[in-house]
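The following paragraphs lead through a single protein model. Please look over the sequence and the structure before reading on.

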Amino acid sequence: MTQIKLLVYCCLFLCAFSASAQFVSVRGTHASQMLVNNLYDPDMSHAIGAELIYSKPVQFIKWPINYNIGLDYRNVDGAQAAYVATGITWVTRTPSGFMFAPNAESVSYVTSNWLQYASFNMLNGVLIGDSTAIYDMGFSLDYNFGYVFGKQFFVHWGLGGRYHITPEYSADLNEPHSSFDFMLKAGFLWKFKRKYANPNKK
């Protein structure tokens, strides 16, 4: 129960600071299992879940890099799992205008309604049983697409890979101590208002 309370506090923390974020995304997730204990063991509907990710530019870097922090939940074949996600984002394409430009060098002049970015996140969390909570960790690499409606609201998709390790099970070959999943994601993204970069200002 202590782990669940910690995740709730993290969620409240994220919501309190979301107004100054570059963007916040909420998506449902679907995992198709490909490997278990490094052996091919396909399961086309291995896990479903949801994620909340807060992403903001790294101000002292001129490249279009964001840091990420968020929460991730999934139901794995009936078991519950919850994670704190931390990582980085590389923005590869922005919609027309200055909405996503962290600085003048990053302003996009291409007419487009699409946001595209790659993200790498580390996941630290727990597998929750009836009376136990076991530490679980993972890594995810995704490529993401957002189509803008208005100036701040996007329909948001993603695809990628996710690798999980459960250290407590690593000594037991009969337990699934590692897995690799192919991920599909869909949901919404909100871009919050901020001071735009002005390419004419020196």
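Leaving aside its neighbours within four places in sequence, which residues is Thr29 in contact with? Contact here means heavy atoms within 4.5 Å, and on that basis Thr29 touches Ala47, Ile48, Gly49, Ala50, Glu51, Tyr73, Met183, Leu184 and Lys185. Thr29 itself is found in strand β1, residues 23-36. With a relative accessible area of 6%, Thr29 is buried; the term buried stands for under 20% relative accessible area, exposed for over 50%, and partly exposed for what lies in between, using a 1.4 Å probe and protein chains only.

The model is predicted, so that local features need pLDDT of at least 70 and side-chain atom pairs count only at pLDDT 80 or more, whereas totals for chains, interfaces and linings use all residues. Residues are numbered from 1 along each chain as its sequence is written, and side-chain values use heavy atoms, with hydrogens and water left out. The predictor's confidence in each residue, pLDDT, runs from 0 to 100. Its average over the protein chain is 82, and 76% of the residues score at least 70. Over residues 11-21 pLDDT stays under 50, and for this stretch the model has 18 contacts beyond four places in sequence.

The protein chain contains one helix and eight strands, in the order α-β-β-β-β-β-β-β-β from the N terminus on. Helices (H or I, at least four residues) and strands (E, at least two) are DSSP runs, numbered from the N terminus. The eight strands form a closed barrel that runs β1-β2-β3-β4-β5-β6-β7-β8, with antiparallel pairing. From one strand to the next, the twist averages 25°, where axes are lines fitted to C-alpha atoms, for helices over the stretch in contact, and angles run from 0 to 180 degrees between N-to-C directions. Two strands pair if DSSP finds at least two bridges between them. Strand β5 (residues 114-128) and strand β6 (residues 133-149) pair in the antiparallel sense over 15 bridges. Gly125 stands opposite Asp136 in β6.

Of the 202 residues in the protein chain, 42% are buried. Among contacts with a separation of 6 or more, 59% come from residues 24 or more positions apart. One example of separation along the chain is given by His177 and Val36, which are 141 residues apart, with their C-alpha atoms separated by 7.7 Å. His177 has its place in the loop between β7 (153-165) and β8 (178-191), and at 16% relative accessibility this histidine counts as buried.

Aromatic rings deserve a separate look. Rings of Phe, Tyr and Trp (its six-membered ring) pair if their centres lie within 6.5 Å; planes under 30 degrees apart count as stacked, over 60 as edge-to-face and the rest as tilted. By this rule there are ten aromatic pairs. Tyr54 and Tyr67 form a tilted pair, 6.2 Å centre to centre with 50° between the planes. Because Tyr54 lies in strand β2 (residues 39-57) and Tyr67 in strand β3 (residues 65-76), this pair ties together parts that are 13 residues apart in sequence. Tyr54 is buried at 7% relative accessibility, while Tyr67 is partly exposed at 34%. Phe120 and Phe139 form a stacked pair, with 6.4 Å centre to centre and 15° between the planes. Phe120 lies in strand β5 and Phe139 in strand β6, so the pair ties together parts that are 19 residues apart in sequence. Finally, Trp114, Tyr147, Phe149 and Trp157 form one aromatic cluster.
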